[in-house]
Amino acid sequence: MSLYSQRGVSAQKEDVHAATRNLSKGLYPRAFCKIDPDLLGGDADWVNVMHADGAGTKSILAYLYWKETGDLSVWKGIAQDAIVMNLDDMICTGIYDRMLYSSSIDRNKNRIPGEVLTALIEGTQEFLDGMAALGVHIAFLGGETADVGDAVRTVTVNGTMAARWRRHALITNERIAPGQVIVGLASHGQATYETGYNSGIGSNGLTSARHDVLHKHYKTFPETFDETLSEEVIYIGKHRLTDSIDAAGALRSVGGLLLSPTRTFAPVVRTLIEAHFEDIYGIIHCSGGGQTKCFKYMPDGLRVVKDNLPAPPEIFRLIQTSSGADNREMYQVFNMGTRLEVYTNERVAVALVAIARHYGIDAQVIGRTEESVKKELVLQVAGTEIRY
């Protein structure tokens, strides 16, 4: 059993899928978000989309970093994480503007004071203001902030995003087919709309990352882990959050790398869609499930081959060295440096790469689709082949 499973988490969310198997998948079952008829407006040419997600256990890392350094600004990054985990799922359906966002914060008041709530709420508005300046308009409709100390040890930060969109302007992944190429967009580096280096960690796999990288010192914060876990999987690394390591040619703190706010690709996707909508056949956000995320949205009779993935950035090498996880598990849990996939044709791929690089984001063709007897995913990693 993997360390990930031993800590009570699942990259593939099997139990969740089993619990929801009898629910409607909406108008387009392969779309990245559930798409329903336009109940709000009653117009057959429009649809409604709503999505809920959050920062996950990354808020525990923020808690530790704040307790150790007193730096409140780390909470603004958590606010961004909660938004982007919704926003970047929504953009995979072709929706990139005129969205609504509501936040949901549950805290233990004895550990999370009002100044943290202020940082989270102000961070939410600041991020949305920044997106509006880039042509991605999201209205902040408030939300719920609850004191639930009996249920939450520190704080959870989640959100819900909704939109009403034209049906003919959707990307539903139904056009993914053999003979296409996959353009991958990097999760790390520094986009033109980011203020500093982004490690690329996103908001997935942070339970493993936290325990694998951080030192037993953090057991002094028992509110940050499940006491039913085996001692062998609790904070088994060698680093403190304030330690420095070399990443992308500079010394950076371990905490800063683990807490890099999740990059949004919304401004880039907005430009991609406006320029090349007809040639974008599908978009996949490599979040929970990492490089295997596409498997859920692939049509039957298709093989996805990713044989030109870039080398992972330092944060993932740090996690793998600390955990001893093999490549199969790493690529199933983490994005490994490529967090958005766009399925297109060879002609347009060149233009999509150029647009991403215009925003300071590395991009390249990472693979292709092939006809297959069965649904299959093949990764070529470090000279070896991994099949799912």
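**Stop 1: the cysteines**

Select Cys-92, which is buried, with a relative accessible area of 0%. Buried means under 20% relative accessible area, exposed means over 50%, and partly exposed lies in between, using a 1.4 Å probe and protein chains only. Before going on, note that this is a predicted model: local features need pLDDT of at least 70, side-chain atom pairs count only at pLDDT 80 or more, and totals for chains, interfaces and linings use all residues. Residues are numbered from 1 along each chain as its sequence is written, and side-chain values use heavy atoms, with hydrogens and water left out.

How many disulfides are there? A disulfide is a pair of cysteine sulfur atoms within 2.5 Å, and by this rule the count is 0. Cys-92 is in no disulfide; its nearest cysteine sulfur belongs to Cys-33, 7.1 Å away.

**Stop 2**

Helices (H or I, at least four residues) and strands (E, at least two) are DSSP runs, numbered from the N terminus. Two strands pair if DSSP finds at least two bridges between them. Select the open sheet of 5 strands, ordered β1-β2-β5-β3-β4, with mixed pairing. Which strands stand at the edges? They are β1 (35–37) and β4 (138–147); each has a single partner strand, so one side of each has no neighbour in the sheet. Neighbouring strands here are turned by 20° against each other on average, direction ignored; the axes are lines fitted to C-alpha atoms, for helices over the stretch in contact, and angles run from 0 to 180 degrees between N-to-C directions.

Zoom in on β1 and β2 (residues 46–54), which pair in the antiparallel sense over 3 bridges. Ile-35 stands opposite Val-49 in β2.

**Stop 3**

Select α6 (206–213). Of its 8 residues, 8 are buried, so α6 is largely enclosed by the rest of the structure. Among them are Arg-210, His-211 and Asp-212.

Next select Thr-224, in the loop between α6 and β7 (244–247). Is Thr-224 buried or exposed? Thr-224 is buried, with a relative accessible area of 2%. Show its contacts (heavy atoms within 4.5 Å): not counting residues up to four places away in sequence, Thr-224 touches Ile-60, Tyr-63, Leu-64, Arg-210, Tyr-218 and Tyr-235.
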